[in-house]
Amino acid sequence: MTTWNLSETKHHVLICNGSSCMRKNGEEVTQAIRDEITKLDLEAKIHTTRTRCNGRCKDACVAIVYPEGTWYKALSADLGRKIVQTHLAGGKVLEEAVIYHYENESFVAPETSKSIKGITKPIKESV
């Protein structure tokens with residue numbers, strides 16, 4: 001197993017490889033993101049991790065950029081590459097693909113989002 005030194009890392013991209021995402025180009029999106037990072041010589045600055053389900057199956061395939069907390073629906077390999085070029089290398093959020101932004105201590109869907117709202121998680125009261 002590899003243990004990476006992440007001291008130069010600026011971004012961590014979590015790429016969903018859950019079953020819904022894998023049925024909807026998850027492998028192609030994963031490889032496109034990783035290939036674009038390599039092509040732009042950004043391996044030291046951007047770390048990627050394949051995850052299991054991230055709970056946004058209707059938006060498959062999902063990629064999440066940290067530390068910003070930007071959730072993307074990366075529906076194609078081309079969009080995966082564009083996320084690397086625009087957000088990770090260029091510093092600009094790719095608004096047309098955003099599911100959620102992190103702001104004011106919570107995730108907020110942009111007003112222009114075409115993604116479904118989804119099921120609200122129950123709030124448990126502490127005793």
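Modeller: Residues are numbered from 1 along each chain as its sequence is written, and side-chain values use heavy atoms, with hydrogens and water left out. Because this is a predicted model, local features need pLDDT of at least 70 and side-chain atom pairs count only at pLDDT 80 or more, whereas totals for chains, interfaces and linings use all residues.

Biologist: Is Thr48 buried or exposed?

Modeller: Thr48 is found in strand E2, residues 46–51; helices (H or I, at least four residues) and strands (E, at least two) are DSSP runs, numbered from the N terminus. Buried means under 20% relative accessible area, exposed over 50%, and partly exposed in between, with a 1.4 Å probe and protein chains only. The relative accessible area of Thr48 is 15%, so this residue is buried.

Biologist: With which side chain does the side chain of Thr48 make a polar contact?

Modeller: A polar contact is a pair of N or O atoms within 3.5 Å; within protein, one must be able to donate a hydrogen and the other to accept it, and residues adjacent in sequence count only if both atoms are side-chain atoms. Leaving aside residues up to four places away in sequence, Thr48 touches His12, Val13, Ile15, Ile33, Arg34 and Ile37, where contact means heavy atoms within 4.5 Å. The polar contact, at 2.8 Å, is with the side chain of Arg34.

Biologist: What separates the C-alpha atoms of Gly69 and Tyr102?

Modeller: Gly69 is in the loop between strand E3 (62–66) and strand E4 (70–73), and it is buried, with a relative accessible area of 1%. Not counting residues up to four places away in sequence, Gly69 touches Tyr100, His101, Tyr102 and Phe107. Although Gly69 and Tyr102 are 33 residues apart along the chain, their C-alpha atoms are separated by 5.1 Å.

Biologist: Which residue forms a salt bridge with Glu27?

Modeller: Side chains of opposite charge can pair when their charged atoms come close. A salt bridge is a side-chain nitrogen of Lys or Arg within 4 Å of a carboxyl oxygen of Asp or Glu, and by this rule the count comes to 5 salt bridges. In one of them, the closest N and O atoms are 2.9 Å apart, and the partner of Glu27 is Arg50. This pair links distant parts of the chain, 23 residues apart, with Glu27 in helix H2 (residues 26–39) and its partner in strand E2, namely Arg50.

Biologist: Why are Arg81 and Asp78 separated by about one helical turn?

Modeller: Arg81 forms a salt bridge with Asp78, the closest N and O atoms being 2.6 Å apart. Arg81 is partly exposed at 28% relative accessible area, whereas Asp78 is exposed at 53%. The separation is about one helical turn because, within helix H3 (residues 77–89), the two are 3 residues apart.

Biologist: Which residue does a cis peptide bond join to Tyr66?

Modeller: A cis peptide bond also joins Ala60 and Cys61, with omega about 0°; Cys61 lies in the loop between E2 and E3. For Tyr66, omega is about 20°.

Biologist: What is the phi of Asn104?

Modeller: Asn104 lies in the loop between E5 and strand E6 (106–108). At 74% relative accessibility, Asn104 counts as exposed. Its phi is positive in a residue other than glycine, near 50°.
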